[in-house]
Amino acid sequence: MSEEKAREQNSIPTSKVERSAKFVKTGLKVGGNYIKHYSKKLFNPNLDKTELNEDNAADIYASLSELKGSALKVAQMLSMDKNILPKAYVDKFSQSQYNAPPLSGPLIVQTFRKYFGKSPEQIYDKFNLRSTNAASIGQVHQAELNGQKLAVKIQYPGVGDSISSDLKLVKPFAFRLLGMSEKELDVYMREVEERLLEETDYELEVRRSVEFSNACANLQNIVFPTYYPQLSSKRIITMSWIDGKHLKEFLQTNPSQELRNQIGQALWDFYNFQQHELRAVHADPHPGNFLITPEGDLGIIDFGCIKEMPEDFYDPFFSLTSTNLLDNKEETIKAFRKLEMILPGDNAQQIEFYYGIYHQMISLFAKPYMVSTFDFGETGFFNELYGFGEQLSRMPEFKQARGVKHFIYVNRTNFGLYNILHELKAQVKTDTYKPHVVLEH
Amino acid sequence: MATTESIQNAYIDYVLTEGREPKSVYLFAKNNDMSEEEFYRFFGSFEAVEQSIWADFARKTITEIKTQEIWPQYSAREKALSFFYSFFELLKSSRSFAVYSIRKHPRGLSSPRVLDTFKNLFEGFADEILRDGLDSGELTDRKFFAKRYKDGLWMQFGFVLNFWINDNSAGFEKTDEAIEKGVNVTFDLFQRSPIDNLIDYGKFLVKNGNFKEKMGL
């Protein structure tokens, strides 16, 4: 049994390791490009940055396309193939790019003095100048105030700027890769940029964290840190410290099926309550954003990325996932049109083709919603998903942009969720927070 | 009664309002209700006034960082970073003057003369923290080069100062980035690196150059 478990765990983490190794390699290459540029510039001061940018983009692009086959399969599928690129950006630029070296002690002191006019020692009773964890775009420090253990998140300077410039950098290569027009791609790029920039706004994050943790307060087995807005600023967030293990460490302790189900259920409820009741969702189901406490609760520690779902997306999309509407071809096609999965210019044959593929895809995605309890440990379902994604990525028909921009983050969220539940091998009651359905469009 | 400080302030006010230095010490003294002689009792020239202003920035910064509770726990690298951050934080309140004072000098390889006194103080401070770093083993003591480490820091300072003058990011955040990255790179060079190991290995090979014979080849 343990052997089987080991093998099972191998499949996903390996690809993660490979993926980050790839990003490290790209990082090195890009660094090398800068050195190349500046050493050339030393001899030719008039050299502009065109060549540098092209070198960088070529290397970034190379690593993205290498990734295309493996790690992004799942995302590929529900992202209608086209949106994988922005998805790759999301991963690349929100995680790997900011594998920045830790901030120096004096810079941390400087950041506090800039925003509060005081040093950390003057604000907290205790403050550990050495960081305990890296967050996606910052780092976390432990502190204490009035006997309360705190987590203080500090953002790296200049993150916002580099997001915009990095996205600009890769854009021309995206056109070439996808054969998409700038206008088509722009819609997706703007969506990604908007979310990423929101993530750098810590004041917004604190407001949302408070809002969401209040709204989700009644959910079972979920805990949120307490936020301290008066001790937070544009670059600093102070919250209470949650003791717990990350998913990987948690799984290493060999938790019982019961406990895994409990955590899985909490996750499912958390996401589906947000999607269907709040219509806005924590769109970053990255395992690093969760902690499993010794009491068996799920701690949620990062509200940087929130995706709001407008009605004109929510209604057609989620109606498809949960009812017999999918059996009604006419209504289904109407919904596909609303979601721009079928475009106005498509002829009868194309409509038939896309209807078939998307129908198959949505039925697959909606499987957990169609029953009252779903076993995410079942590998068959995931193999089917991967296989379908693979198949889709080879179809020439998907070399054109389809699907409204909201898919990028909604897909990322739901696939991230499915993946974590799969790693947990959780059996989940899927009818706790059901999608709201509109039967006719 | 004029004081060093009152002359400095009057001078700053004048150059920032007029955009140039006063026509003569006579005129400047007259406008500030003192005799030319009184001015000379404090400073020999307008340049000396500027030098003293810059030197005061350095003194204030050094005093301030050394009184921070965390100071004794800092490594040499962190002490240098701390100086840079605090210095540019302090300079923010006199940015207009700093920009005026540096910009009026033609850009060249040598540092502006207004920074002469400042440079002495900076180098004294750098010497002190570098010596600590060498003593503790944080930095590598290299023959000939170790004495030049402070020049490396001074160059880094000149770079950051120019960067800051041209920085228009909100809160001069880019300058923070330039300090963090620049000072760290400089200190990386002061630390033991693969090059040291390479040289060490080279020395070993030279000393044992007859190893072919030893191996009977």
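This is a predicted model: local features need pLDDT of at least 70, side-chain atom pairs count only at pLDDT 80 or more; totals for chains, interfaces and linings use all residues.
Let's start with the overall make-up of chain A. It holds 16 helices and 12 strands. Of its 441 residues, 39% count as buried. If you take the contacts in chain A between residues at least 6 apart in sequence, 71% of them join residues at least 24 apart.

Strand β3 covers residues 138–145 of chain A and strand β4 covers residues 148–155, and the two run antiparallel, joined by eight bridges. To find your way along the pair, look for A:A143, which sits opposite A:L150 in β4(A). The two strands form a hairpin, with two residues between them. One residue in that turn, A:N146, has a positive phi of about 50°. As background for that value, most residues other than glycine have a negative phi.

Strand β4(A) has another partner to look at, namely β6(A). This strand takes in residues 236–240 of chain A and pairs with β4(A) in the antiparallel sense, over five bridges. Here A:I154 has A:I236 as its bridge partner in β6(A). So is β6(A) largely enclosed or left open by the rest of the structure? Four of its five residues are buried, so β6(A) is largely enclosed by the rest of the structure.

Next comes an open sheet of chain A. Three strands make it up, in the order β5-β9-β8, and the pairing is mixed. Which strands stand at the edges? They are β5 (222–223) and β8 (290–292) of chain A; each has a single partner strand, so one side of each is left without a neighbour in the sheet. Strand β9 of chain A, residues 298–300, pairs with β8(A) in the antiparallel sense over three bridges. Within that pair, A:F290 stands opposite A:I300 in β9(A). In general, strands of a sheet pair through backbone hydrogen bonds, either parallel or antiparallel.

A helix goes with this sheet. Helix α11 of chain A, residues 257–278, lies across β5, β8 and β9 of chain A and runs at about 40° to β9(A). The loops on either side of α11(A) are worth a look if you care about backbone torsions. A:N254 has 9 other C-beta atoms within 10 Å; 12 or fewer counts as exposed, so A:N254 is exposed. Then there is A:R279, in the loop between α11 and β7 (280–282) of chain A. A:R279 is not a glycine, and still has a positive phi of about 60°. With 15 other C-beta atoms within 10 Å, A:R279 is partly exposed.

Now for the contact between the chains. It involves 12 residues of chain A and 15 residues of chain B. Which element gives the most to the side of chain A that touches chain B? That would be helix α5 of chain A, residues 105–116, with six residues. Sorted by class, the chain A side has four nonpolar, five polar and three charged residues.

Over in chain B, have a look at two helices that pack together. Helix α8(B), residues 149–165, and helix α9(B), residues 173–190, pack at an angle of about 165°, with their axes 10 Å apart. That angle makes α8(B) roughly antiparallel to α9(B), and the crossing is right-handed. The contact residues of α8(B) include B:L153, B:F159 and B:W164, while those of α9(B) include B:I179, B:V183 and B:F190. The residues of this contact divide into 11 nonpolar, five polar and no charged.

One last stop is B:L134, in helix α7 of chain B, residues 116–136. Is B:L134 buried or partly exposed? It has 17 C-beta neighbours inside 10 Å, so B:L134 counts as partly exposed. Leaving aside neighbours within four places in sequence, B:L134 is in contact with B:L139, B:D141 and B:A146. Of these, B:A146 is 12 residues from B:L134 in sequence and 8.6 Å from it in space, C-alpha to C-alpha.

How values were computed
Residues are numbered from 1 along each chain as its sequence is written. Chains are lettered from A and ligands numbered from 1 in the order in which they are written. Two strands pair if DSSP finds at least two bridges between them. Two residues are in contact if their C-beta atoms, placed from the backbone, lie within 7 Å. Axes are lines fitted to C-alpha atoms, for helices over the stretch in contact, and angles run from 0 to 180 degrees between N-to-C directions. A residue is buried if 20 or more other C-beta atoms lie within 10 Å of its own, exposed if 12 or fewer, and partly exposed in between; C-beta atoms are placed from the backbone. Ala, Val, Leu, Ile, Met, Phe, Trp, Tyr, Cys and Pro count as nonpolar, Asp, Glu, Lys and Arg as charged, and the others, Gly among them, as polar. Angles under 35 degrees count as roughly parallel, over 145 as roughly antiparallel, 65 to 115 as roughly perpendicular and the rest as oblique. A crossing is left-handed if the near helix is turned anticlockwise from the far one by less than a right angle, and right-handed if clockwise.
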